[in-house]
Amino acid sequence: MSETRNAALDNTATMDSSGGTEQATNGLQRLYKPSSEVVENANVTAYMRQKGFSTYEELYDWSIKNPQEFWSDQANELGWYEPWQQVLDDSQAPFYKWFVGAKTNIVHNAIDRHVTTWRRNKLALIWEGEDGTQRTYSYHTLNREVSRFANVLKSMGVKKGDIVTIYLPRIPELPITMLACAKIGAAHSVVYGGFSVEALADRVDDANSKVLVTADGGVMRSKVVELKKIADEAMARTPSIQTCIVVKHTGHEVTMESGRDLWMHDLLSLPIASAVCPTEPVDAEDTLFILYTSGTTGRPKGVVHTHGGYQVGTYATLKFVFDIKEEDRWWCAADPGWITGHSYIVYSPFLTGATSFMYEGAPNYPYPDRWWSLIARHGISILYTAPTAIRGLMRFGEAWPSRHDLSTLRLLGTVGEPINPEAWRWYYRIIGGERCPIMDTWWQTETGHFMITPTPITPLKPGSATRPFLGIEVDVVHEDGSSCAANEDGLLVVRQPWPGMMRTILNDPERYVTTYWDKEPAGMYTVGDSARKDDDGYLWIIGRLDDVIKVSGYRLGTAEVESALVSHSAVAEAASIGLPHEVKGNVIHSFVILREGFEGSPQLEEELKGHVGHEMGPIARPEKISFVPSLPKTRSGKIMRRVLKAQALGQDVGDVSTLES
Ligand code: PRX
């Protein structure tokens, strides 16, 4: 940001030691500045001073001119069994390597190094179930539980090179299983518990997993989600699973197939499940996990993340953005089955030695103040959630949060989709008491950690994720790679590699190159979002450019929903689009051509919705299905979803010159 722009920002808002301030800029946007107390105590301010800079802009400029120095500063705060010889190897770009030659293990930094200090007695994890049951784990206990399960996995022959699929509800066994895999050098692939049969079977197949860890069920609104039953159906469709380990959580009856299915508690009671298990030193570039994400084809992409760079990126971003201090109680309300949960429920809170809170259940159960009561009862100091959750809770009104003492909160965050300014202001005013800066973090499954985000010292504009994180160089460009002017819409790109970046797509390195690097503009990481930069250099995300729909912040590929639809005997062809929705951000509207002999009816519409829900999971269930005689297609046969969308929204359909006639 230029000096003039800085000055402009500084002149438009005044500091207020009691809390944030809101003042108009350009008569359009309002700018929220943090209190001097927040600025003075922020981790990022300490780092800025340590590096000899007096403004954040100077620190940022230095960090993108010297990214290797910035990232190695961060890496040096973690432990390594053997040091790296090179910070970044770009000789085989875009297959970048970070901390080349180093030996490490993320579990060494997330657990081992804490249990030899006073932190062994600190709470690592606090869990509450929907029925009010609580479980707590100190770092010492977490270490024992992770070691015990790691020994069980080891005894089954699980080792480096294997991918364990995990399909668990939001219970402590989920982070424990992830950490146990990492500890012995195996990779994990967590499939979100809201996904269903086909989605699970596809992911198990692609990862060729021999071991699946699941539970009898999960709990949502006091009802059981039948995870084991779904896992049974998925296992019947895929040949690779030899062992299925089942956590007893709900206690309802499930089918256990002899020779394949084993209870976790039985395994943990065997002598083999010793609480001592050495952490396996791995190469910095060894795979930590695979996480599948939706793309433009029916086959989800297995995004590969590694131990070394990922631990540095997630550690540094949590420390600087959410300003983690020893006394914090951090609550990332996402599901560990998504990247947000991987990076900010499981790995980075433990890397920073924080206390992480986890809740299994609905936000409004039994009453719409459940979350606010959790914050008050557990003394949560930082809450990180999604715009859809904020909008959902906002509907119930201010009376619910106002019943609770939310004064322990000091920072708030959002992720997953653009937040509408109205929801931002409600969150700021009602939940944050006008004293908690909101960290609107933009990032992706592929990026591993925050990329565009404020820190607590950044003046905020509701709806903007503000500016790139330290060491991250992003831009908004035209298709030829040239930068867009201020306020001009363009493609969001990242110009330099970063440590937590995905390394490839499992089994498909070619797709990694073509999806992210070979697209116009070539040679930069293309994000798939459109965005614009305003006069102050603040970034505003407009939305996805590809056929990905964000439903309640969850990323779903139109192609996956369509493939679930055409797997029904009545459906010949299908197309899906996202339409705006007040709470969920978007909902799915599908258009279906029926096979001969079938006729559209409200009953068939319900049946098809249920079918998608069964195959993909409830989040993918279309809101509306229209039966149509034909679909708009290009001459090469590609469905023009943008035409369907424009028609559904009553807008001009635009250029349809490539439309099939
Ligand atoms: O479109 C952007 C949107 O979510 C996409 C990434 O989705 P996923 O891989 O599921 O990761 C979500 C959680 C990290 C992005 O390409 N997105 C994410 N965060 C924001 C956002 N859009 C606007 N503002 C955000 N803060």
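The structure is a predicted model, in which local features need pLDDT of at least 70, side-chain atom pairs count only at pLDDT 80 or more, and totals for chains, interfaces and linings use all residues. Residues are numbered from 1 along each chain as its sequence is written, and side-chain values use heavy atoms, without hydrogens and water.

**Helices H9 and H10**

- The axes (lines fitted to C-alpha atoms over the stretch in contact) of helix H9 (residues 197-207) and helix H10 (residues 227-237) come within 8 Å and cross at roughly 50°.
- Contact (heavy atoms within 4.5 Å) involves Val197, Glu198, Leu200 and Ala201 of H9, together with Ile230, Ala231, Glu233, Ala234 and Arg237 of H10.

**Helices H8 and H13**

- Helix H8 (residues 173-183) and helix H13 (residues 339-351) have axes that come within 11 Å and cross at roughly 60°.
- That angle makes H8 oblique to H13.

**Ligand surroundings**

- Among the 17 residues around the ligand (a heavy atom within 4 Å), Asp440, Thr441, Thr445, Arg544 and Arg555 come nearest.
- A polar contact (a pair of N or O atoms within 3.5 Å) places a polar backbone atom of threonine 441 at 2.8 Å from a nitrogen atom of the ligand.
- An N or O atom in the side chain of aspartate 529 lies 2.9 Å from an oxygen atom of the ligand.

Definitions and conventions:
Axes fitted to C-alpha atoms, helices over the stretch in contact; angles between N-to-C directions. Helix = DSSP H or I, 4+ residues; strand = E, 2+ residues; numbered from the N terminus. Polar contact = N/O pair within 3.5 Å; in protein donor to acceptor, adjacent residues only side chain to side chain. Parallel < 35°, antiparallel > 145°, perpendicular 65-115°, else oblique.
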